[in-house]
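Have a look at the model first, then read on for the helix packing and the overall build.

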Amino acid sequence: MSLAEWDGKYLIGVAEIDAHHQHLFKLIQQAFDDYSKGSSDQVVRTLLDELMEYAAYHFAAEEILMGEIGYPKLLEHSAEHTLFSDKVKEMMDLYESIGSSVLTSILIFLNAWLTQHILQKDMDYARYCKDRPLAPSKIATA
Ligand SMILES: [Fe+2]
Ligand SMILES: [Fe+2]
């Protein structure tokens, strides 16, 4: 079993957001690698906590950006973020009660959700972003 790795096709063209996405991929992969090589539960749990915190930070940043550009599907998009956070919370509760056997399923879910969400939902606001003014720090320089 392997997770989808970071790839140029996930670039949405907003530098700050692309860096967030890349970091999210990295954290999921790291949790998977740590678990696979038998790291302690505590190490994996700390990484998952970091991942959840970082995801919340990323979602907030995206929602601010969508607000700034007047993206018309902001509410719909942020509802997806909320749904995701709720789902992850549910899975983490399962992890607490069942143990690490569900960890692989959790990481596969996180990875699949992230790739689909970027390609469909984040790309959509990125397209909307294109012709609208943004702070220079947020414009990809590639
Ligand atoms: Fe998003
Ligand atoms: Fe995103």
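**Helix packing and overall build**

In this predicted model, the axes of helix 2 (residues 41–69) and helix 3 (residues 74–98) come within 10 Å and cross at roughly 170°. That crossing is over the 145-degree mark, so helix 2 ends up roughly antiparallel to helix 3.

**Helix 2 against helix 3**

- On the helix 2 side, the contact is built from Leu 48, Met 52, Ala 56, Phe 59, Glu 63, Met 66 and Gly 67.
- Helix 3 answers with Leu 74, His 77, Ser 78, His 81, Ser 85, Val 88 and Met 92.
- Sort the residues of this contact by type and you get eight nonpolar, five polar and one charged.

**Helix 3 against helix 4**

- Helix 3 also pairs up with helix 4 (residues 103–129): their axes come within 11 Å and cross at roughly 175°.
- Helix 3 and helix 4 are therefore roughly antiparallel to each other as well.
- From helix 3, the residues making this contact are His 77, Glu 80, Phe 84, Met 91 and Tyr 95.
- From helix 4, they are Leu 103, Ile 106, Phe 109, Trp 113, His 117, Lys 121 and Tyr 125.
- By type, the contact of helix 3 with helix 4 splits into eight nonpolar, two polar and two charged residues.

**A closer look at helix 3**

- Just past the end of helix 3, Gly 99 adopts a positive phi of about 110°.

**The chain as a whole**

- Count up the secondary structure and the protein chain has four helices and zero strands.
- Read from the N terminus, the order of elements is simply α-α-α-α.
- A compact globule of 142 residues would have a radius of gyration near 14 Å; the protein chain comes in at 16 Å, which agrees.
- Laid along its principal axes, the C-alpha trace spans about 45 × 30 × 20 Å.
- As for burial, 20% of the 142 residues count as buried.
- Take the contacts between residues at least 6 apart in sequence: 68% of them join residues at least 24 apart.

Methods:
Residues numbered from 1 in each chain as written. Chains lettered and ligands numbered in written order. Predicted model: local features only at pLDDT ≥ 70, side-chain atom pairs only at ≥ 80, totals over all residues. Axes fitted to C-alpha atoms, helices over the stretch in contact; angles between N-to-C directions. Helix = DSSP H or I, 4+ residues; strand = E, 2+ residues; numbered from the N terminus. Parallel < 35°, antiparallel > 145°, perpendicular 65-115°, else oblique. Contact = placed C-beta atoms within 7 Å. Nonpolar A, V, L, I, M, F, W, Y, C, P; charged D, E, K, R; others polar. Rg over C-alpha atoms; globule rule 2.2 N^0.38 Å. Buried ≥ 20, exposed ≤ 12 C-beta atoms within 10 Å, placed from the backbone.
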